[in-house]
Amino acid sequence: MQVQQNPSIPVSEVYWSLLHKADKKFSKIRELPYYHRNRHEYDAYFYKVFKVYTQLWKFQQENRQKLVEAGLRRSEIGEIASRIAQLYLGQYMRTSEASYLSEAYIFYEAILSREYFKEGMFQDLNLASKQLRFISRFLMVCLLLNRREMVQQLLHQLKALVDDCKRTFQETDFKEWKLVIQEIVRFLKADTAFMNIRPLRYSIVLECHPDSLPPVSTLVVRRSLRLRDAILSSYHHNEVKFSELTLDTFRMLQCLEWEPSGSFYQPNVARNGQNGAPGSGRINYSQDIADPTLPHNPRKAVLYRPSVTHFLAVLATVCEELPSDGVILIYLSASGSGMYVDATSDRLNPSCGQSKGDDSSLHASCLNFGSHGNGGINSIYPSDLVPFTRRPLFLVIDCDSSEAFEAINGVQKGETAAMLLSSSSSYQASDVSSSRQPSGSLFTIFLTAPMQAFCLLLGISGTDIDMDIYNKAEKLLSSSLGDWGSTLAKSDTIDPVWAQVLTDPFLRRLLLRFIFCRAVLSLYAPTFNKKEFIPKCVPCLPASFLPTTAACQTVILQIANIFGASSKFIFSEGLVLPENRQGDTEAVPCS
């Protein structure tokens, strides 16, 4: 990778030639979509661009003094580092490989500590703009890595810089950057330290190791599928977001990745602040050590307010490239429109909402991924997904008209889709004035951070949480979900659609958390016996996992009792707490 230099050519000319070549390739790759139809072609071009920038970076390091004498400025060095970081971040967004994200952080942190853009910043508006963009991109990387202490530091710098720029460049409107600050402040207010008490990513220390998952009954399973790709998208009016990452997709993205520290992870017991609320410090440096033995993350396409045609094009590309043992997760969160026949009609099986495939159901309701009034141009209908049921799909639909998607399984083209469907109404806590929680969708929180969702439902937040009580409840929930997973795996009555994904740790975890969510909302007094507040799964799970069973009710009773909130739920008469199970289990059973 060494640049072959002709002694007769000045160092500066070699550098500027190399820089021009790098800039040209960078411009081209920036125009390519992350979800290119031929991923190998994209990868090949990425490595070409990366190779040129690596050569450029090393060349300026080895010839720094001569280049400075020839007029090289520190800001130009910073621009090279920034573009290398952008390449890493873009490759992470395309491949979901955590190592790229870590490399992006290293380069951005170097730019920050070496202050490449500081010199002359307030004499050059273009230089000030580069510093603002750099901080904004670094903020995104830190959010994705959950480095909250650096997020707060960067936010403080961004606020100060915008104020300084407004005073220095009075003829320039910095309204856009004030909006960026408002976005990140609102995002952090919703995604609190309480919501991140434990990693949203899959930790092989805190949860069942993938190699230890119980085998599924051979009487029902035909094959074992792995989550290979996911498409995540949400569209809500005034939803909490930062840049092009909404709060709900941010949580789901993390939920479908491995905690990078893997076996090196150590719970940070020194992070609690006042009243037991988690503090913002990062004392546990062992979490910064990556575990090289972890499997690859499933690849994810995070689509910000996509057009329907773009969404379908990405889905078609993913389906085309899906391995034979793969399954695609589609997470869609949006408001719905249209009229849908209730699940108690004769077109549907009232026990679980299984559709019989009436064609009118496929067009009766939809998800709105754009402004109203444009007909179906911004709407995703159940019928839009039918052609893609030639491949295994795992649908998570968070929408008030999610029931409409049940109809897909009556007209599938080869594969029955697994579906987790939110309720048609979202319960409003007494201190919430909107149908959507200020901290994000309650259904999505249950799937990504179930213990926090349970607390939010009861009106408990990070400011008044007792961490000893919380940890006791968390251990009990983890143990109970492990028991449920083992029971499901042994079941002879489980539908093959669920059986074939139970060996995938991410999909298994989502399904078990759904069972918990459904049980909690079914037994919670304000939503008890109200179908509009109860989520559904399609196909049905075994009857032994219905909220009315003693097995499910006992778990909810135990957890509620830990918080002293059992009176807020309605249980079957005669249900009592087991004497030998008080939530003190340390390990997570897998079988």
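The chain's secondary structure comes to 18 helices and 12 strands, and the model described here is a predicted one. Of the 591 residues in the chain, 57% are buried. Where contacts join residues at least 6 apart in sequence, 75% of them join residues at least 24 apart.

**Helix H14 and its surroundings**

- Nine of the nine residues of H14 are buried, so this helix is largely enclosed by the rest of the structure.
- The buried residues are Pro450, Met451, Gln452, Ala453, Phe454, Cys455, Leu456, Leu457 and Leu458, and they pack against helix H13 (442-448), helix H15 (467-490), helix H17 (505-523) and H18.
- After H14 comes glycine 459, which has a positive phi, near 85°.

**Aromatic pairs around phenylalanine 454**

- The count of aromatic pairs comes to 30, and one of them is the tilted pair of phenylalanine 454 and phenylalanine 563, with 6.0 Å from centre to centre and 35° between the planes.
- Because phenylalanine 454 lies in helix H14 (residues 450-458) and phenylalanine 563 in the segment after helix H18 (550-562), this pair ties together parts that are 109 residues apart in sequence; both phenylalanine 454 and phenylalanine 563 are buried.
- Phenylalanine 454 also forms an aromatic pair with phenylalanine 569, and this pair is stacked, with 5.7 Å between the centres and 5° between the planes.
- The pair of phenylalanine 454, in helix H14, and phenylalanine 569, in the segment after H18, links distant parts of the chain, 115 residues apart, and both of these residues are buried.
- Phe454, Phe563 and Phe569 belong to a cluster linked by ring pairs, together with Tyr427, Phe446, Phe516, Tyr524, Phe533 and Phe571.

**Packing of helices H5 and H7**

- Two packed helices are described by the angle between their axes and the distance between the axes.
- For helix H5 (residues 98-114) and helix H7 (residues 148-168), the axes come within 13 Å and cross at roughly 40°, which means that H5 is oblique to H7.
- The crossing in which H5 passes H7 is left-handed, and the contact is made by Tyr105, Glu109 and Leu112 of H5 with Met150, Gln153, Leu154 and Gln157 of H7.

**Charged ends over aromatic rings**

- The charged end of arginine 147 sits over the ring of tyrosine 105, at 4.2 Å from the ring centre; tyrosine 105 is also among the H5 residues that make the contact with H7.
- Arginine 305 lies over the face of tyrosine 235, and here the distance from the ring centre is 4.2 Å.

**Backbone features in loops**

- Most residues other than glycine have a negative phi, and most peptide bonds are trans.
- Arginine 305, a residue other than glycine, has a positive phi near 45°; this arginine is found in the loop between strand E4 (299-304) and helix H10 (308-321), and at 32% relative accessibility it counts as partly exposed.
- Serine 96 is not a glycine either, yet its phi is positive, at about 70°.
- The loop between helix H4 (74-95) and H5 is the place of serine 96, and this serine is buried, with a relative accessible area of 2%.
- Valine 538 and proline 539 are joined by a cis peptide bond, with omega about -5°, and proline 539 has its place in the loop between strand E12 (536-538) and H18.

Methods: Residues numbered from 1 in each chain as written. Predicted model: local features only at pLDDT ≥ 70, side-chain atom pairs only at ≥ 80, totals over all residues. Heavy atoms only, no water. Phe/Tyr/Trp six-rings, centres within 6.5 Å; stacked < 30°, edge-to-face > 60°. Helix = DSSP H or I, 4+ residues; strand = E, 2+ residues; numbered from the N terminus. Buried < 20%, exposed > 50% of the residue type's maximum accessible area, 1.4 Å probe, protein only. Lys NZ or Arg CZ within 6 Å of the ring centre and 35° of its normal. Contact = heavy atoms within 4.5 Å. Axes fitted to C-alpha atoms, helices over the stretch in contact; angles between N-to-C directions. Parallel < 35°, antiparallel > 145°, perpendicular 65-115°, else oblique. Left-handed = near helix turned anticlockwise from the far one by under 90°.
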